[in-house]
Amino acid sequence: KMANAISLARTFDVDGASGSVANKLIGAIERESRLKGINGAADYTKNTLKLLLSGEAETPFTGAGRALTTTISSAYLSGPSAIIKNFLTGQVQNLTSFGTIKLLKGYSAQIRNPKFYQDLTRGIGATSDSIDELFLSRGSFNPARGFRYVEKLNRRASVAIADVTMRDALETLVKNKQSSLIKNTKEARRILKDAVNLDGEDIDYMVSVLKKRRQFGDKAFNLALNDKKFDDIYQRGLFKSQAATQGVTQLPYIPTWMAKNNIKPLTLFYRTAYRVTENTYNNAIRPFLTDGNPFPLFRFAA
């Protein structure tokens, strides 16, 4: 509730999804989607904002359901098998999405700069949404403490891997030649689109900002982070990447019906699993079906 109130105050006016700020944005979405022949985008955005910012009225069922799912999740996730499974599941998704070399380079970056990636992961909101919803986190006793630690470790690793991958892919695009990880510009764009979840306009903007600073060499990327839009795209890419590989239980990363108060207790674990299922399809199955590339599927199977 506090997070929703802070988001509302920082980004919208007091009327939230019904206010002038939201209506202006929703109107722009409606105009653009109409031009592209897309139906329902504005309505979906408005409904999602209402659920995110205002929520729904509490009922006896939702109160009891929340207590029950908290108890169930804490009991299950306090066992050693859940800790091992979560670590392996999270790292399989990282391996499937990014590949072995990028995975190892991300591990190396995280080991060398643990404080940096701890702060970065917390700063983009990656270690709050999905974790805190599942656990009894009040007081010093938390039966799922080990699972919570591994969950944070997974997300920091995912952010570190996405960070080094993004930097190498953009280096390839700026220099128009192979970097330490990425072979060519076509592969660089594919990785930024599929693994980091950036669109074409965002990629072009980041490349244009970096080209203006290319004389600074290895320091160009860090200097480019002073550009607000560049930094916003960078942080959004990191969040969306770890959300795809580690799961997120919040809108808009799950179907809207799963966020309804009366449904949420019935979808406790699948709200996280949904994102991982989609990521497996996008980064393991689809490359094989559409491009005939079996290697992501082999990584996932192994």
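This is a predicted model: local features need pLDDT of at least 70, side-chain atom pairs count only at pLDDT 80 or more; totals for chains, interfaces and linings use all residues.
Which residues of α6 are buried? Residues are numbered from 1 along each chain as its sequence is written, and side-chain values use heavy atoms, with hydrogens and water left out.

View A. The buried residues of α6 are K102, L103, G106, A109 and Q110; buried means under 20% relative accessible area, exposed over 50%, and partly exposed in between (1.4 Å probe, protein chains only). Helices are DSSP runs of H or I with at least four residues, numbered from the N terminus. Seen down the axis of α6, the buried residues fall within an arc of 125°, so they line one face of the helix; the arc is that of the directions from the helix axis to the C-beta atoms. They pack against α5, α7, α9 and α10, where contact means heavy atoms within 4.5 Å. On the other side of α6, I101, L104, I111 and R112 are exposed. The 13 residues of α6 should span 18 Å at 1.5 Å a residue, and the end C-alpha atoms are 18 Å apart, which agrees; the expected span is 1.5 Å times one less than the number of residues.

**View B. Helix α2 and the residue that follows it.** A22, I26, G27 and S33 are the buried residues of α2. Viewed down the axis of α2, these buried residues fall within an arc of 135°, so they line one face of the helix. The buried residues of α2 pack against α3 (41-54). The face turned away from the buried side carries the exposed residues S20, K24, R31 and L35. Just after α2, G37 takes a positive phi of about 75°.

**View C. The largest nonpolar core.** This core has 42 residues, and those with the most contacts inside it are M166, L170, L192, M206, L210 and L238. A nonpolar core is a set of buried Ala, Val, Leu, Ile, Met, Phe, Trp, Tyr and Cys residues joined through side-chain atoms within 4.5 Å. At least two residues of this core come from each of α5 (80-98), α6 (100-112), α7 (114-123), α9, α10 (185-194), α11 (200-211), α12 and α13. The largest share, 10 residues, is supplied by α9. A second, separate core of eight residues includes F12, A17, A22 and L49.

**View D. Surroundings of D163 and L238.** D163 is found in helix α9 (residues 145-175) and, at 2% relative accessibility, counts as buried. Leaving aside neighbours within four places in sequence, D163 is in contact with F116, Y117, Y234 and L238. L238 in turn touches L120, I124, V159, A162, D163 and M166, not counting residues up to four places away in sequence.

**View E. Aromatic pairs.** A search of the whole structure finds seven aromatic pairs. Rings of Phe, Tyr and Trp (its six-membered ring) pair if their centres lie within 6.5 Å; planes under 30 degrees apart count as stacked, over 60 as edge-to-face and the rest as tilted. The rings of F221 and Y234 have centres 5.4 Å apart and planes at 75°, so this pair is edge-to-face. F221 in helix α12 (residues 220-224) and Y234 in helix α13 (residues 228-246) are 13 residues apart, and their pair links distant parts of the chain. Both F221 and Y234 are buried. Ring pairs link F221, F230 and Y234 into a cluster. F295 and F298 form another edge-to-face pair, at 6.1 Å centre to centre and 90° between the planes. These two residues lie three residues apart in helix α15 (residues 295-301), about one turn of the helix, and both F295 and F298 are exposed.

**View F. Backbone features in two loops.** A cis peptide bond joins L251 and P252, with omega about 0°. P252 lies in the loop between α13 and α14 (270-291). N197, in the loop between α10 and α11, has a phi near 65°, a positive value in a residue other than glycine. With a relative accessible area of 22%, N197 is partly exposed.
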